[in-house]
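Here is a quick tour for anyone meeting this protein for the first time. Have a look at the picture, and then we'll walk through it piece by piece.

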Amino acid sequence: MELTFNSAVMGVETSAIRRFTALTRSTPGACALTIGEPDLDTPAPIRAAARASLDAGDTHYPPNNGQPYLLEALSRYEERAHGLRCAPDEIIVTAGATEAVFIALAAVLNPGDEVIIPTPAFALYASAARLFRGVPVALPTEKSGFQIDPGALEAALTPQTRAVVLTSPNNPTGCVYTRRTLEAVRDVLESKPVFVLCDEVYRELAYTEDCPSFAEFTDLRDRIIVVNSFSKPWAMTGWRVGWCVADRPVKERMQVFHQYAVVSVPSFVQRACVTALETDPAPMRALFQKRRDYVCGRLAAMGLEFQVPEGAFYVFPSIRKYGMDAETFCVRLLREGLVGVLPGTCFGAEGFVRVSCCYGDGDLREGLDRMERFLKTL
C-alpha cells in the first residue's frame, strides 16, 4: 500500500534561503552575509515587559485575535505612524507576518486563482499561493528600476487574478514604491475585483522621507490587506508576532483560518508588544542606514552595479558581468572566497545576489574583504 500526500505540499520546495544559509554555516571558516535578521537583541524594556507579564500570571488563553489592549495599541500606532485609520476589531495579531500572509491568501483564494507577485520577491508569497492551490504569476520589475510598470501589470491581469502583492520597502531590492507607482497601480486595479496584499514589514526601516502605502487609497479599503511585524524594527524575530489589518468583512474571513491554525499568539508576549510600539525604532533605522552606506560603498568600489536601497537591510547587486548564473556564483564565492550571500534566484531574479547588512561592522568588513578578493580572481 502506497501512502500519498497533499499534492499542493508536494509541489512546494523547502526554502532556498534556508538551504544556502545552512550551506554557509556548514562550511568551515565561512563568513555569512545571508540572513535578514537584526544581529541585536530585543531592547531591554520589551524583554522586561514580557517577564513582568509572566510574573503576573498572564499564561492563559487570550482572545483569538489578540488582547484588547494590544489591538487598541496597534490601532493607535497605525494612525500615528502611518496615517492608517483602523478599528481594533479590524486587526488580527498573528504568529509573525508569515501567518498574516497565509491567512490573507487562505481567505481570498480558490483553486486556480492567480496571485500577481512583482519580482524580485520573497519566496513566501509564491509558496503560500501554491499551498492554497493558487497560481503565482511573476511580474518582473528589473527593467523599470524595480518599480511596477502599469502596462505590464495590466497585461498580467486575467479573469483568474484574485490578488496582487505589494512589498515596500522590498526584500531583496530595498526599493520603495513611489507615489507615482502606487497611483498607477491604483488606476489599473480600481475597477477590478482584485485584493491587494501590502507587506509593510520593513516600513519602519525606510531611509527616505516619503514611504507611501497603497493603504492610503481609502476608496479601495474593502480590498486592501496590510501585513506588518514586530520582527525587523524592534529585533523581535524570535518572538514570532505580527499583525494584519483589513476591512471588517475581510478580516472576519481571515480570522477563521487564524483561529483554527494557531488559536492565538501567546498571551504573555502581548504586553511586550505594546511596549515595542512605544519604543522609537529610529536608532535601529539609523544603524542599518549606516551599514547600508558602508556596504554600498564597498560594493561600488568593487565595480558592482546596484540600485541604492531606500529601505530594509539588503543590497542587491548584479553579477551578470561575470558570465555565470547566480547560484554558481554564490557556490563559488562560498567555496573559494569563504563568504555566503544569496543568489537572486531565491527571489525569482537571475543575475543578482543579495547581500545582507544584518551583521556587525567587523563581520561586514571581513565578508566584503573576502568578496573583493574573490572578485579579483574572476
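In what order do the strands of the open sheet of three strands come? The order is S9-S12-S11, and the pairing is antiparallel. Keep in mind that this is a predicted model.

Strands S9 (314-315) and S11 (342-343) stand at the edges with a single partner strand each, so one side of each has no neighbour in the sheet. S9 pairs with strand S12 (residues 353-356) in the antiparallel sense, over two bridges. Look for Tyr314, which sits opposite Ser356 in S12. As background, strands of a sheet pair through backbone hydrogen bonds, either parallel or antiparallel.

## The whole chain

How does the radius of gyration fit with a compact globule? For 378 residues such a globule would have a value near 21 Å, and the protein chain has 21 Å, so the two agree.

Contacts tell us something about how the chain folds back on itself. Among those between residues at least 6 apart in sequence, 75% join residues at least 24 apart.

Of the 378 residues, 56% count as buried. The protein chain exposes about 16,400 Å², and carbon and sulfur atoms supply 52% of that area.

Then there are the charges: 39 positive and 45 negative, with mean positions 3 Å apart.

## Two cis prolines

Which way does the peptide bond from Thr119 to Pro120 go, cis or trans? That bond is cis, with omega near 5 degrees. Pro120 belongs to the loop between strand S3 (114-119) and helix H6 (124-131).

The bond from Ser168 to Pro169 is cis too, with omega near -5 degrees. You'll find Pro169 in the loop between strand S5 (161-167) and helix H8 (179-189).

## Two alanines with positive phi

Ala235 has phi near 50 degrees, a positive value in a residue other than glycine. This alanine is in the loop between strand S7 (224-229) and strand S8 (242-246). Is Ala235 buried or exposed? Ala235 has a relative accessible area of 8%, so Ala235 is buried.

Ala312 also has a positive phi, near 65 degrees. With a relative accessible area of 1%, Ala312 is buried.

Key:
Residues numbered from 1 in each chain as written. Predicted model: local features only at pLDDT ≥ 70, side-chain atom pairs only at ≥ 80, totals over all residues. Heavy atoms only, no water. Rg over C-alpha atoms; globule rule 2.2 N^0.38 Å. Buried < 20%, exposed > 50% of the residue type's maximum accessible area, 1.4 Å probe, protein only. Contact = heavy atoms within 4.5 Å. Areas by Shrake-Rupley, 256 points an atom, 1.4 Å probe, with all protein chains shown as cover. Lys, Arg positive; Asp, Glu negative; His and termini not counted. Charge placed at Lys NZ, Arg CZ, Asp CG, Glu CD. Pairing = 2+ DSSP bridges. Helix = DSSP H or I, 4+ residues; strand = E, 2+ residues; numbered from the N terminus.
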